[in-house]
Amino acid sequence: MIHIILFGPPGCGKGTQSKIIEKKFGFFHLSTGMIFRDHIKRKTSLGKLVNFYINKGKLVPDQITTKILVDKVKELFQYKGIIYDGYPRTKNQILSLKKILNRFSLGKINLIFYFNLQKDLIIKRLLQRGKTSNRNDDININTVNRRIEEYNKETSLIWKNSLLKNNNIIMLNASLSIKKISVFIEKKIYDLMKN
Ligand code: ADP
């Protein structure tokens with residue numbers, strides 16, 4: 001099974017690209033944020049719990065997030081691949097993901113696309129998305145700033161010192177057009193599937 005991680009700050013286009021890859025390759029699009037928002041909408045007890053963090057722009061604690069991930073991955077054994085959108089976001093989450101893949105003999109992390117986007121563009125995109133997305137965390141400038149802070153403080157450097165080879169991590173410029181980025185990503189995935 002192929003495992004591809006889309007990594008980068010909020011608003012960088014991970015969700016958009018995940019959907020394109022999902023359609024093109026038939027991989028499963030696994031977004032922890034989407035799973036959380038679904039729980040919030042259905043007012044489950046988990047939804048109430050995570051709402052507290054998400055609305056403040058804070059990361060949901062690892063224990064909760066990883067439990068959600070394990071439960072989901074267990075349902076996906078029949079897929080050719082999984083695209084991870086918004087997971088991992090901490091060092092612990094990388095370790096957990098590796099453990100899960102090991103435990104179920106699902107292969108390894110094949111590729112990581114690292115989206116780079118400058119802060120002013122992140123803010124612009126999130127506030128723009130907030131107008132139509134009904135996402136509380138995209139409407140409030142304080143929450144938006146807090147998420148960027150969390151990303152810079154907790155998430156952005158998590159691959160440093162990881163045992164992955166350099167060629168597993170592919171940097172990309174997230175200010176390019178959706179089309180340009182998707183063509184770039186698709187080519188890398190085709191190359192991976194050829195080998
Ligand atoms: P974005 O990438 O635009 O921030 P997401 O849907 O990926 O949107 O995440 C929304 C929120 O859900 C995050 O701000 C965070 O509070 C929570 N969240 C999602 N994934 C994780 C994760 N892997 N670890 C901790 N919190 C998470």
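**Note on the predicted model**

1. Asp191 has a relative accessible area of 26%, so this residue counts as partly exposed. Asp191 forms a salt bridge with Lys194, with the closest N and O atoms 3.4 Å apart. Both residues belong to helix 9, where they are three residues apart, about one turn of the helix. Lys194 is exposed, because its relative accessibility is 66%, above the limit of 50% that applies to this class.

2. Lys24 and Glu186 form a salt bridge whose closest N and O atoms are 3.5 Å apart. Are the two partners buried or exposed? Lys24 is partly exposed, because its relative accessibility is 45%, whereas Glu186, at 13%, counts as buried; the limit for a buried residue is under 20%.

3. How many salt bridges does a search of the whole structure find? The search returns twelve. Among the residues concerned are Glu75 and Lys72, whose side chains meet at 3.1 Å, N to O. Lys72 is partly exposed, with a relative accessible area of 22%. Elsewhere, salt bridges link Arg129, Arg135, Asp137, Asp138 and Arg147 in a network.

4. Strand 1 (residues 2-7) pairs with strand 4 and also with strand 3. The pairing with strand 4 is parallel and comprises four bridges; within it, Phe7 has Tyr114 as its bridge partner. The pairing with strand 3 is likewise parallel and comprises five bridges, and here Ile5 stands opposite Tyr84.

5. Strand 4 (residues 111-116) is mostly covered, with five of its six residues buried. Strand 4 is joined in the parallel sense to strand 5 (residues 169-173) by five bridges, and Ile112 has Ile169 of strand 5 as its bridge partner.

6. Strand 3 is mostly covered as well, with five of its five residues buried. In a regular strand the side chains alternate between the two faces of the sheet. Which residues of strand 3 lie on each side? Gly81, Ile83 and Asp85 are on one side, with Ile82 and Tyr84 on the other, and all are buried. Strand 3 also pairs in the parallel sense with strand 2 (residues 28-31) over four bridges, with Asp85 as the bridge partner of Ser31.

7. Helix 5 (residues 91-103) has 13 residues, which at 1.5 Å a residue should span 18 Å; its end C-alpha atoms are 19 Å apart, in agreement with that expectation. Its buried residues are Gln93, Ile94, Ser96, Leu97, Ile100 and Leu101. Seen down the axis of helix 5, the buried residues fall within an arc of 165 degrees, and they therefore line one face of the helix. These residues pack against strand 1, helix 4 (62-73) and strand 3 (81-85). The face turned away from the buried side carries Leu95, Lys99, Asn102 and Arg103, which are exposed. Just after helix 5, Ser105 takes a positive phi of about 50 degrees.

8. A search of the whole structure finds eight aromatic pairs. One of them joins Phe7 and Tyr151: the ring centres are 6.1 Å apart and the planes stand at 45 degrees, so the pair is tilted. Phe7 lies in strand 1 and Tyr151 in helix 8 (residues 141-155), so the pair ties together parts that are 144 residues apart in sequence. Both Phe7 and Tyr151 are buried.

Conventions
Residues numbered from 1 in each chain as written. Predicted model: local features only at pLDDT ≥ 70, side-chain atom pairs only at ≥ 80, totals over all residues. Heavy atoms only, no water. Buried < 20%, exposed > 50% of the residue type's maximum accessible area, 1.4 Å probe, protein only. Helix = DSSP H or I, 4+ residues; strand = E, 2+ residues; numbered from the N terminus. Pairing = 2+ DSSP bridges. Salt bridge = Lys/Arg side-chain N within 4 Å of Asp/Glu carboxyl O. Expected span 1.5 Å × (residues − 1). Arc of directions from axis to C-beta. Contact = heavy atoms within 4.5 Å. Phe/Tyr/Trp six-rings, centres within 6.5 Å; stacked < 30°, edge-to-face > 60°.
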